[in-house]
Amino acid sequence: DQFHALPQAAQDAAVDTYDKYYAAHGQRLIARVKEIVGDRAELRIGTFKAEPGSKIGSYTRTGPLKAIISMAVNAKHELSIADHEGYHAAEDWVLNATERTIIANAFKPGRPLFEKLMEKVRRYDLENKTNLADEVSSVPEEARAYGFEFWRRGELQAEGALQRVFAKIL
């Protein structure tokens, strides 16, 4: 393998460059979440390097006023993982009940925006050999988070009240 054929000093330099790249990328992911929910003492945000085929992000409530977001620095779509996990936190800490209802109604199965999202997710699954469609179709909070993520990437259009609520998160 080419890496192991390098002199030790070159291997060390390559590892340092690699580590610096992922550290900087991790800081960009953390900053993106903070853009969505603010800098909150009750929210721990961490990054990691995911193995192929493993989970790339999570939002976990650890108590009534505490949560953890973990994100892979090597996720396919640069900042989309931060948008997705940040949305979960925004549902808990940024959005009010009326705003949560607006989003929930927009992404109910059978509604036009939900069907459009499913179309986009199925296409994504085919192109990337993933299986997000099952999660989006069966877990309402994931449909909402993927809806926000795809909207933020410019792949899904939101109008009216939904557009205003999504814009509030930014």
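In this predicted model, three strands form an open sheet in the order β1-β3-β2, and their pairing is mixed. The edges of the sheet are held by β1 and β2 (57-63), each of which pairs on one side only. Averaged over the sheet and with direction ignored, neighbouring strands are turned by 15 degrees against each other. Strands β2 and β3 run antiparallel and are joined by six bridges; within this pairing, G57 has M71 of β3 as its bridge partner. Helix α2 packs on the sheet, where it touches β1 and β3, and its direction makes about 150 degrees with that of β1.

The buried residues of α2 are Q11, H25, G26, L29, I30, R32, V33, I36 and V37. These buried residues of α2 pack against elements of both kinds: the strands β1 (43-48) and β3 (66-72), and the helices α1 (2-5), α3 (80-93), α7 and α8 (160-169). Just after α2 comes G38, with a positive phi of about 85 degrees.

Attention now turns to the aromatic residues. A pair of aromatic rings is described by the distance of the centres and the angle of the planes. The count for this model comes to six aromatic pairs. In one of them, Y124 and F150, the ring centres lie 6.4 Å apart and the planes meet at 70 degrees, so the pair is edge-to-face, the class for planes over 60 degrees apart. Because Y124 belongs to helix α5 (residues 112-128) and F150 to helix α7 (residues 140-152), this pair ties together parts that are 26 residues apart in sequence.

Elsewhere among the aromatic residues, ring pairs link Y87, F107, F148, W151 and F166 into a cluster.

How values were computed. Residues are numbered from 1 along each chain as its sequence is written. This is a predicted model: local features need pLDDT of at least 70, side-chain atom pairs count only at pLDDT 80 or more; totals for chains, interfaces and linings use all residues. Side-chain values use heavy atoms; hydrogens and water are left out. Rings of Phe, Tyr and Trp (its six-membered ring) pair if their centres lie within 6.5 Å; planes under 30 degrees apart count as stacked, over 60 as edge-to-face and the rest as tilted. Helices (H or I, at least four residues) and strands (E, at least two) are DSSP runs, numbered from the N terminus. Buried means under 20% relative accessible area, exposed over 50%, partly exposed in between (1.4 Å probe, protein chains only). Contact means heavy atoms within 4.5 Å. Two strands pair if DSSP finds at least two bridges between them. Axes are lines fitted to C-alpha atoms, for helices over the stretch in contact, and angles run from 0 to 180 degrees between N-to-C directions.
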